[in-house]
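Okay, thanks everyone for coming.

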Amino acid sequence: GIVLVAINPYEQLPIYEQDVIYAYSGQNMGDMDPHIFAVAEEAYKQMARDEKNQSIIVSGESGAGKTVSAKYAMRFFATVGGSASETNIEAKVLASSPIMEAIGNAKTTRNDNSSRFGKYIQIGFDKRYHIIGANMRTYLLEKSRVVFQAEDERNYHIFYQLCASASLPEFKDLGLSKCFFLPT
């Protein structure tokens, strides 16, 4: 398949705007510069032409911009599929991310807010190739961080905060059992 190497510039660039989506829409792979929109267009075209499921795998180091790349691909699909104005699919699919990442993010020696989750996002299209729904599954990675903390690293934010606050009176109002977090 196609491989695109992207670098997270850590700042917003004007290469992901609506006019760039339209520039890549309908183009053949290789006609324009390599771009996440070129990869998304190729998957979209093959889905429509062959009527078969397509996959885009976004992989990379911690902090490389994987979640942002997935957002851009979803924005591309919503725009070219004519459903961008009807639904904010990007926001809806990723709505659970802040909650999941608050539990699962950690500080590593290379990234101050490193996600410990892998995501599988499945986007459904109707016969006109408009987005009709999506599903996101989240997988916990590096489970060893729950019980082990390397030097100069911070483990899961909320998990440890809940453990540390289990004896506070406010904890009872959360409806969580103290023994859920601490050994008896």
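Predicted model: local features only at pLDDT ≥ 70, side-chain atom pairs only at ≥ 80, totals over all residues.

Let me start with a question: at which residues does UniProt place the feature "binding site"? The record, an unreviewed entry, puts that feature at Gly 60, Glu 61, Ser 62, Gly 63, Ala 64, Gly 65, Lys 66 and Thr 67.

The protein chain has eight helices and two strands. Going along the sequence, you read α-α-α-α-α-β-β-α-α-α. There are 184 residues in the protein chain, and 30% of them are buried. As for contacts, if you take those between residues at least 6 apart in sequence, 46% join residues at least 24 apart.

Which of the UniProt residues turn up in the lining of the second largest pocket? Of the positions in the record, that lining includes Gly 60, Glu 61, Ala 64, Gly 65 and Lys 66. Gly 60 sits in the loop between α2 and α3, and Glu 61 is in the loop between α2 and α3 as well. Is Gly 60 buried or exposed, or something in between? Its relative accessibility is 40%, so Gly 60 counts as partly exposed.

Now the second largest pocket itself. The space in there is about 470 Å³. Two elements give two or more residues to its lining, namely α2, which is 36-50, and α3, which is 66-80. The largest share comes from α2, with five residues. In total, 23 residues line this pocket, and the ones nearest its centre are Leu 4, Ile 36, Val 39, Ile 56 and Ile 57. How does the lining divide by class? You get twelve nonpolar, eight polar and three charged residues.

Searching the whole structure for cavities of 30 Å³ or more turns up one. The largest cavity has a volume of about 50 Å³. Its lining is made up of Tyr 24, Gln 27, Asn 28, Met 29, Gly 30, Asp 31, Met 32, Ala 38, Glu 41 and Glu 42. Here again α2 gives the most, this time with three residues. By class, that lining has four nonpolar, three polar and three charged residues.

Last topic: salt bridges. How many are there? The count comes to two. As a reminder, side chains of opposite charge can pair when their charged atoms come close. In one of the two, Arg 49 pairs with Asp 50, and the closest N and O atoms are 3.1 Å apart. Arg 49 has a relative accessible area of 56%, so Arg 49 is exposed. Asp 50 comes in at 35% relative accessibility, so Asp 50 counts as partly exposed.

Then there's Arg 128 with Asp 126, where the closest N and O atoms are 3.6 Å apart. Arg 128 is at 59% relative accessibility, so Arg 128 is exposed. And Asp 126? At 21%, Asp 126 counts as partly exposed, because buried would need a value under 20%.

Terms used. Residues numbered from 1 in each chain as written. Heavy atoms only, no water. Salt bridge = Lys/Arg side-chain N within 4 Å of Asp/Glu carboxyl O. Buried < 20%, exposed > 50% of the residue type's maximum accessible area, 1.4 Å probe, protein only. 1 Å grid on protein atoms, 1.4 Å probe; cavity = no way out; pocket = protein on both sides within 12 Å on 5 of 7 lines; lining within 4 Å. Points joined across faces, edges and corners; volume = space filled by probe spheres on them. Helix = DSSP H or I, 4+ residues; strand = E, 2+ residues; numbered from the N terminus. Nonpolar A, V, L, I, M, F, W, Y, C, P; charged D, E, K, R; others polar. UniProt positions renumbered as here; feature names shortened; annotations may be inferred. Contact = heavy atoms within 4.5 Å.
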